[in-house]
Amino acid sequence: MTQAPANPSNAMSNQTDSAKAHASLPDADTQLGWLRSMQRIREFENRTMQAYQQAKIGGFCHVYTGQEAVAVATIASVNHDDPVVTAYRDHGHALARGMSARACMAEMYGKITGCAKGKGGSMHMFDRPNWLFGGHGIVGAQTPLGAGLAFAAKYENEVLKAPVHEGKITPNAPEHTPGKKVSLCYLGDGAIDQGAFHEALNLVAIYDIPCIYIIENNGYSMGTAIHRHSANADNLISRGQSYGIDSVEIDGLDIRDLYAAFKPFADRCRETSRPGFIDLKTYRYQGHSMSDPQKYRTKDEVDQYKEKDSIARLLGQLLEEGAITEDGWKAMQKEIRDEVKDAVDFAENSPAPETEAELFTDVYANPEKNLSPTADYHHGTMNPLL
Ligand SMILES: Cc1ncc(C[n+]2csc(CCOP(=O)(O)OP(=O)(O)O)c2C)c(N)n1
Ligand SMILES: [Mg+2]
């Protein structure tokens with residue numbers, strides 16, 4: 001029997017109250033930015049679904065509606081040059097990270113103007129300048145990468161004391177802020193029992209690697225409810241705890257609670273150079289992918305979650321507090337609609353890649369024999385961080 005995910009608001013009430021008491025929220029302008037960012041993702045996803053139905057977008061496509069608060073609040077809690085890596089439901093992370101709607105939409109259209117020149121598609125949004133390292137289609141594959149990204153940042157900071165830029169140690173590399181970093185690695189509840197994830201948890205724990213694993217727990221892995229695919233599903237944080245990793249549950253439907261709980265957690269991981277594990281309760285409004293008849297859940301269940309919609313909730317709070325007016329909200333929605341429509345037009349009108357020329361670009365050819373960034377390092381020598 002399928003079982004609906006636990007109602008996060010009830011389960012989390014004590015936790016979020018205490019979180020509120022411990023962290024002050026940013027100012028109204030910043031929260032208006034969250035509202036805009038969430039609405040931008042929703043509008044983008046609505047247009048994505050339309051384009052997919054018109055067969056303008058091909059391949060697998062998974063939209064993020066319902067989960068917007070997660071990407072927006074967690075990304076707002078870290079620095080721009082903290083690395084981020086995620087799974088295939090990645091449009092929201094890309095937009096929240098700063099990717100243009102044009103580059104994101106064009107990528108789905110398979111156009112040369114897309115963020116990965118149209119070669120990645122919906123599931124593989126990459127944006128190096130915005131420190132987004134994908135978009136990964138294999139469930140759990142990004143979890144060791146999250147560890148690696150955090151390790152690389154720590155190695156640059158503590159051992160090389162300079163960033164590696166284009167394969168060389170470059171003290172004055174552009175866009176580099178020296179100091180401690182934390183990486184964010186998102187995964188779905190369907191990825192928590194993958195072996196690679198547990199190997200990654202073990203490594204980040206023993207090597208003090210500041211990677212935060214954010215389980216976007218939307219209650220389903222494709223059409224299988226979490227209680228049917230995972231043991232001890234009401235206590236996911238026990239998995240992180242069993243590796244000695246600081247692990248907490250967070251309500252992902254209310255962006256204020258989410259930020260208030262996540263921001264100090266992320267700051268602590270950065271400062272102590274320790275990993276983190278978050279069971280972040282959320283919900284997706286659409287089916288798993290664009291071709292999901294959703295026979296495994298009821299419309300009532302979806303409607304119940306929509307009543308707790310994170311955009312509507314923040315909008316209501318900001319209206320009540322006078323931070324925005326109804327007219328202001330209408331104007332914001334229109335700006336966003338215009339931006340996303342422009343992105344669709346841009347994608348439609350962009351050229352496709354020239355197949356012959358593009359097939360062999362952006363692939364690793366003749367990798368260096370010793371991939372280590374420094375000539376001083378030889379295989380077998382001790383890594384001072386370990
Ligand atoms: C290793 C592997 N096994 C199976 C699949 C097929 N598959 C694609 S998505 C998915 C469900 C993952 O669900 P979850 O991690 O909860 O993410 P969500 O779609 O809910 O965001 C599965 C089983 C895959 N892509 N990779
Ligand atoms: Mg899921």
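Predicted model: local features only at pLDDT ≥ 70, side-chain atom pairs only at ≥ 80, totals over all residues.
**Entry 1: α2 and α3**

I began with the helix pair α2 and α3, whose axes come within 9 Å and cross at roughly 140°. That makes α2 oblique to α3. The cut-off matters here, because only angles over 145 degrees count as roughly antiparallel. I noted the hand of this crossing as right-handed.

From α2 I have W34, S37, M38, I41 and R42; from α3 I have E68, A69, V72, A73 and A76. Sorted by class, this contact holds 7 nonpolar, 1 polar and 2 charged residues.

**Entry 2: the loop between α2 and α3**

I then went to the loop that joins these helices. α2 covers 28-53 and α3 covers 68-76, and T65 sits in the loop between them. Is T65 buried or exposed? I count T65 as buried, because 22 other C-beta atoms lie within 10 Å. The threshold for buried is 20 or more, so T65 passes.

I looked up what T65 touches. Leaving aside residues up to four places away in sequence, I found R42, E45, R284, Y285 and Q286.

I flagged it, because most residues other than glycine have a negative phi. A55 counts as exposed because it has 7 C-beta neighbours inside 10 Å.

**Entry 3: α6 and α7**

Helix α6 spans residues 142-160 and helix α7 spans residues 195-206; their axes come within 8 Å and cross at roughly 20°. The two are therefore roughly parallel to each other. I noted this crossing as left-handed.

Which residues make the contact? On α6 I have T143, P144, G146 and A147; on α7 I have A196, F197, E199, A200, L203 and V204. By class, I logged 7 nonpolar, 2 polar and 1 charged residues.

I followed the chain into the loop between α7 and β7, where β7 is 211-217 and where D208 lies. Phi of D208 is near 55°, a positive value in a residue other than glycine. D208 counts as partly exposed, because 15 C-beta neighbours fall inside 10 Å.

**Entry 4: ligand 1**

I turned to the ligand. How many residues surround ligand 1? I have 15, and the closest are V139, G188, D189, G190 and S221. I sorted the shell by class: 5 nonpolar, 7 polar and 3 charged residues.

**Entry 5: the whole protein**

The protein has 14 helices and 11 strands. It has 386 residues, and buried ones make up 44% of them. T65 is one of the buried residues. I also looked at contacts between residues at least 6 apart in sequence: 78% of these join residues at least 24 apart.

Methods: Residues numbered from 1 in each chain as written. Chains lettered and ligands numbered in written order. Near = placed C-beta within 6 Å. Nonpolar A, V, L, I, M, F, W, Y, C, P; charged D, E, K, R; others polar. Helix = DSSP H or I, 4+ residues; strand = E, 2+ residues; numbered from the N terminus. Buried ≥ 20, exposed ≤ 12 C-beta atoms within 10 Å, placed from the backbone. Contact = placed C-beta atoms within 7 Å. Axes fitted to C-alpha atoms, helices over the stretch in contact; angles between N-to-C directions. Parallel < 35°, antiparallel > 145°, perpendicular 65-115°, else oblique. Left-handed = near helix turned anticlockwise from the far one by under 90°.
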